[in-house]
Amino acid sequence: MRPVDSRTETLITVAPTGAETAKVDVPALPVTLGELVETAVACEAAGAGLVHVHIRDADARPTLDLQRLRDAVTALREATTMVVQLSTGGSVHDPLEHRLRVLDAEPDSCSLTCGTVNFGDDVFLNPWPFMAELYQHTQAREVVPEFELFDLGHVAGMHRLLDTYGAPYGGQVHCDLVMGVPGGMPGTAEALVAAVQALPAGCSWSATGIGRTGLPVSLAALSAGGHLRVGMEDTLTFARGRPVTGNEELVARAAELARLAQRPPMSTDGARAMLAVKDRRQVKLPRVAT
Ligand code: KMH
Ligand code: ZN
């Protein structure tokens with residue numbers, strides 16, 4: 001595996017929408033294709049190198065509709081140079097077979113959560129057979145997985161995938177610590193260090209903290225040599241009593257922290273190289289047969 005020098009630059013991932021927040025509750029949440037592209041362009045300008053995408057239907061509800069996913073991938077590729085990552089996590093209500101179909105939209109990257117976890121009052125289901133099928137699917141379809149780790153046990157789940165099925169497409173293991181979900185590991189420096197110590201040598205990793213754990217997790221990640229994920233999927237309050245007005249302000253703050261840490265934001269070319277994504281920018285995605 002190629003060694004990654006994360007001492008020099010910081011990959012900033014933006015997760016602009018998620019599946020949990022309703023547009024009526026948070027009008028600034030990007031839910032239409034136009035809003036998604038607009039926020040992505042602004043986030044790239046602010047320093048983001050990768051966009052983690054959940055989409056919504058015409059009523060702003062979470063969906064994994066394949067045509068909408070393809071439209072989002074195409075539009076983001078036309079308007080930005082960021083790595084386009086589709087969520088295979090979807091919402092806690094999405095059936096596993098719909099989540100497996102996400103790769104048919106030919107993203108550069110996809111999320112792959114490495115175990116089941118309590119998720120507030122719900123359960124985010126990721127049984128081993130599903131993880132194993134999805135992982136082999138990423139290898140066959142040449143899509144770079146991002147291993148989503150909500151708990152220390154998920155780190156073990158990722159090792160099991162790598163030991164059983166070998167390296168991911170492209171060869172670079174890239175993980176994201178998702179911290180502070182009620183039911184997962186807490187968003188603390190101590191938990192971050194424990195998880196990072198268990199990661200495979202040579203991997204790249206980012207971290208995100210849900211809600212008020214966002215800032216402490218970003219600061220801990222920078223000091224431990226990691227990359228950053230921010231966005232309205234994870235954080236809706238910019239400061240005490242002050243709602244987030246747009247994803248770009250979260251990216252701009254992450255970029256500022258990264259510059260202060262002497263590890264400025266990584267370019268989108270740098271992100272593509274580090275993650276070893278396949279270049280699909282000339283691929284024309286066909287319409288889904290109906
Ligand atoms: N919406 C959560 C249930 C992912 O994108 O892969 C799962 C999630 C993880 O957001
Ligand atoms: Zn997500």
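Reader: Which elements do the buried residues of helix 6 pack against?

Author: This is a predicted model, where local features need pLDDT of at least 70, side-chain atom pairs count only at pLDDT 80 or more, and totals for chains, interfaces and linings use all residues. Residues are numbered from 1 along each chain as its sequence is written, chains are lettered from A and ligands numbered from 1 in the order in which they are written, and side-chain values use heavy atoms, leaving out hydrogens and water. Helices (H or I, at least four residues) and strands (E, at least two) are DSSP runs numbered from the N terminus, and contact means heavy atoms within 4.5 Å. With that in hand, the buried residues of helix 6 pack against helix 5 (152-165), strand 10 (174-179), strand 11 (204-209) and helix 7 (214-223).

Reader: Why do the buried residues of helix 6 line one face?

Author: Buried means under 20% relative accessible area, exposed over 50%, and partly exposed in between (1.4 Å probe, protein chains only). In helix 6 (residues 189-197), the buried ones are Ala191, Leu192 and Ala195. Going by directions from the helix axis to the C-beta atoms, they line one face because, seen down that axis, they fall within an arc of 100 degrees.

Reader: And which exposed residues sit on the face of helix 6 turned away from its buried side?

Author: That face of helix 6 carries Glu190 and Gln197.

Reader: Is Arg280 buried or exposed?

Author: Look for Arg280 in the segment after helix 9 (268-275). Leaving aside neighbours within four places in sequence, its contacts include Arg77, Glu106 and Asp108. With a relative accessible area of 4%, Arg280 is buried.

Reader: How much of the accessible area of ligand 1 does the protein cover?

Author: An oxygen atom of ligand 1 is 2.7 Å from an N or O atom in the side chain of Ser87, and a nitrogen atom of ligand 1 is 2.7 Å from a polar backbone atom of Gly90. Of the 300 Å² of accessible area that ligand 1 has on its own (Shrake-Rupley method, 1.4 Å probe), the protein covers 98%.

Key:
A polar contact is a pair of N or O atoms within 3.5 Å; within protein, one must be able to donate a hydrogen and the other to accept it, and residues adjacent in sequence count only if both atoms are side-chain atoms.
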